[in-house]
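Please keep the sequence and the structure in view while reading.

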Amino acid sequence: MNIRLIIVVNCLAVLIVLAGCAGTMPQTAEEFRKALPGAFMGKVETFEANRPFKDVSKTFQAMAPKCLDVRVKTTSRTHMSYQVIVTKYNPTVIVTKEKAELYVQERHESGVMTVYEEPEKGHFVMVVDATPLDKKRTQIVMYRPSKGKDVMVKAIKGWATGENVGCPDLTK
């Protein structure tokens, strides 16, 4: 698939998912959680990780800043256009005894016009909540687009389950 089409699909998916609720972009993680279930191309996914909550939380704390606090430059060229998009991803991890929260926000620094008010770190792309079920299992709830962030989804699922603790290639 051509990189330009991937970029357009990703941008449209995020805009459609987030703009679907009352015409305004969620400004907080809680607003994102509330807006996503009824949004077009929004998905709420729940699964169990056979890992202790403490391990899941530590993995989120270690991997999110390492892998998701990045700036990605993508370019595409067709016979009629050339486009360069620079996107800064901004992860946040908050851990308490009852819950671990992972937020991923993105801000397009160039190549995409922003026509709505964004939170300081950019619009929300994903919110992931982890809560302990018992000493060996953790429940994960992912609020995410149904399309367009597959490599990020796969990486975060891998971090939660412990099956893969690598970094995603966010240019895909």
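Which residue in β6 is the bridge partner of Pro 132? The partner is Thr 138. The model is a predicted one, in which local features need pLDDT of at least 70, side-chain atom pairs count only at pLDDT 80 or more, and totals for chains, interfaces and linings use all residues. Residues are numbered from 1 along each chain as its sequence is written, and side-chain values use heavy atoms, with hydrogens and water left out.

Strands and helices are DSSP runs numbered from the N terminus (strands: E, at least two residues; helices: H or I, at least four). Two strands are taken to pair if DSSP finds at least two bridges between them. Strand β5, residues 123-132, pairs with β6 in the antiparallel sense over six bridges, and a hairpin of five residues joins β5 to β6. Strand β6 also runs antiparallel to β1, residues 42-49, to which eight bridges join it. In that pairing, Lys 43 stands opposite Arg 144 of β6.

Strand β6 itself spans residues 138-145, and seven of its eight residues are buried. Buried means under 20% relative accessible area, exposed means over 50%, and partly exposed lies in between (1.4 Å probe, protein chains only).

The nonpolar interior comes next. A nonpolar core is a set of buried Ala, Val, Leu, Ile, Met, Phe, Trp, Tyr and Cys residues joined through side-chain atoms within 4.5 Å. The largest such core has 27 residues, of which Phe 60, Leu 68, Met 126, Ile 140, Ile 156 and Trp 159 touch the most other members. At least two residues of this core come from each of β1, α3 (53-68), β4 (100-110), β5, β6 and α4 (150-161). Helix α3 supplies the largest share, seven residues. Another core, of eight residues, lies apart from this one and includes Ala 29, Tyr 103, Val 127 and Val 141.

Strand β4 also holds Glu 101. Is this residue, Glu 101, buried or exposed? Glu 101 counts as buried because its relative accessibility is 14%. Its side chain makes a polar contact of 2.6 Å with the side chain of Arg 33, and another polar contact, of 2.7 Å, joins the side chains of Glu 101 and Tyr 103. A polar contact is a pair of N or O atoms within 3.5 Å; within protein, one must be able to donate a hydrogen and the other to accept it, and residues adjacent in sequence count only if both atoms are side-chain atoms.
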